[in-house]
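Colleague: I'm new to this one. Can you put it up and walk me through it?
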Amino acid sequence: MEAKPWLKNLKPYPPGKTLEEIKRELKLEGPIYKLNSNENPLGPSPKVINALREALHEIHLYPEASYQSLRMALAQRWNLSPEEIILGNGSNEVIEFVFKAYLNPGDEVIVSFPSFLMYEKFAEIYGVKSLRIPLDKELNHDFKTIKASITSRTRAIFLDHPHNPTGQVHPRETWREFLDDLPKDILIVIDEAYGDFIDGEHVPRGIEFLKEGRQVLVLRTFSKAFGLAGLRLGYGLAPVEIIFEMNKVRQPFNVNLLAVKAGLAALQDKEYEEKYLELVRRGRNFLCSSLKALGFKVYPSQANFIMVDFGNECEKIYQNLFEKGIILRPLKAYGFPNTLRITIGTEEANHALLRVLRDTMENNNEQSAN
Ligand SMILES: Cc1ncc(COP(=O)(O)O)c(C=O)c1O
């Protein structure tokens with residue numbers, strides 16, 4: 001049976017290696033530091049684990065169809081109404097809702113290139129044309145060119161902020177200038193998968209623009225700051241009429257019961273949230289300054305990861321760290337063959353990374369001296 005012709009060349013999303021794959025490949029005695037998928041290294045919150053233990057007795061039941069309780073909790077957090085919130089099986093699913101509800105084959109979306117790969121994957125799946133606008137010289141979203149590239153067929157623009165894989169952000173004025181005077185029938189998707197880690201006052205959160213009445217969909221996730229990547233829980237914040245349309249294409253019970261219970265518990269564990277955000281802030285500063293001191297270019301990040309240019313030695317450095325159980329994300333698939341993306345780890349992981357990196361460099365220097 002023939003699949004849809006436009007799926008012929010579609011390549012699946014290239015995920016980071018899983019812990020199981022790494023263990024199988026490495027057969028290491030020592031610890032493995034998984035710094036390749038921007039997961040929360042603290043493990044889940046104890047409150048979440050307790051809630052899940054209790055919820056296990058209910059998994060023979062479907063979850064609440066409207067997800068009212070979690071949407072209410074989120075509405076409180078963001079000072080919105082539950083009608084402005086939709087839940088997804090990961091924020092990835094909310095990206096897909098945009099395609100399901102709003103995009104016809106032949107329509108156009110604009111994406112920065114590179115950025116989070118799923119926008120383009122969904123475009124390919126739904127027969128939608130994606131227009132790639134290269135990042136500017138500093139590897140930031142090129143807002144001016146993006147705006148100038150809008151055509152009558154453009155229906156949505158996807159912007160990850162902080163950007164993946166660089167971790168970079170834009171100041172409020174740049175966003176405002178971009179959002180002002182956009183055509184009315186375009187949805188701006190502000191993907192804040194890493195929005196919890198922004199700590200600059202001059203950096204806006206998408207919610208501000210939503211509250212100003214602009215046509216934005218803000219994506220948020222429990223996968224990163226709340227440590228629930230394995231349960232798949234994300235959500236979108238948007239004007240009521242957009243959530244209403246997206247709800248029509250949402251499968252019943254798209255988010256599972258355990259994810260809902262975990263999400264509710266996670267929102268209540270402020271201590272865990274604060275602890276992780278502080279770990280990221282400190283770890284990010286530490287790794288940035290240490291890596292710069294070693295002579296590498298580090299991109300300024302407001303996310304729970306950093307992108308580092310290791311130059312020609314990149315592949316060798318990646319492999320050496322990998323063999324020592326320190327797993328980073330190569331960015332060849334994003335068009336950056338000399339860079340690696342490093343998730344901010346625990347203090348122990350960050351120090352181990354630097355130790356191995358220094359050893360690798362010393363060995364390299366000795367070899368080139370001989
Ligand atoms: C920019 C960005 N958006 C969305 C996602 C999807 O997150 P999830 O589906 O786990 O909520 C990711 C995951 O890494 C991401 O980096």
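Colleague: How do the residues of the lining of the second largest pocket divide into nonpolar, polar and charged?
Modeller: They split into 7 nonpolar, 2 polar and 5 charged. Nonpolar takes in Ala, Val, Leu, Ile, Met, Phe, Trp, Tyr, Cys and Pro; charged is Asp, Glu, Lys and Arg; the others, Gly among them, are polar. One caution: this is a predicted model, where local features need pLDDT of at least 70, side-chain atom pairs count only at pLDDT 80 or more, and totals for chains, interfaces and linings use all residues. Numbering runs from 1 along each chain as its sequence is written, and side-chain values use heavy atoms, without hydrogens and water.

Colleague: Which residues lie nearest the centre of that second largest pocket?
Modeller: L179, L182, P183, R214 and Q215, out of 14 lining residues. A pocket here is an open set of points on a 1 Å grid over the protein atoms alone, where a 1.4 Å probe fits, with protein on both sides within 12 Å along at least five of seven lines; lining residues have an atom within 4 Å of a point.

Colleague: And what space lies in the largest pocket?
Modeller: About 690 Å³. The second largest pocket has about 230 Å³. Volume is the space filled by probe spheres set on the grid points, which are joined across faces, edges and corners.

Colleague: What lines the largest pocket?
Modeller: 31 residues, with Y13, S37, N92, K224 and R232 nearest its centre. Helix 4 (residues 91-102) gives the most, 3 residues. Helices are DSSP runs (H or I, at least four residues), numbered from the N terminus. Domain 1 and domain 2 each supply at least three lining residues.

Colleague: Switching topic. Where do the domains run?
Modeller: Domain 1 is 5-43 + 271-369, and domain 2 is 46-269. The bounds come from an automatic or database domain assignment.

Colleague: How many residues are in contact between them?
Modeller: 33 of domain 1 with 35 of domain 2. Contact means heavy atoms within 4.5 Å.

Colleague: How many salt bridges between domain 1 and domain 2?
Modeller: The count is 2. A salt bridge puts a side-chain nitrogen of Lys or Arg within 4 Å of a carboxyl oxygen of Asp or Glu. The whole structure has 21. Among them, E273 meets R77 at 2.8 Å, N to O. E278 also pairs with R281, at 3.4 Å.

Colleague: Why are E278 and R281 separated by about one helical turn?
Modeller: Because they sit 3 residues apart in helix 11 (residues 270-293).

Methods
Helix = DSSP H or I, 4+ residues; strand = E, 2+ residues; numbered from the N terminus.
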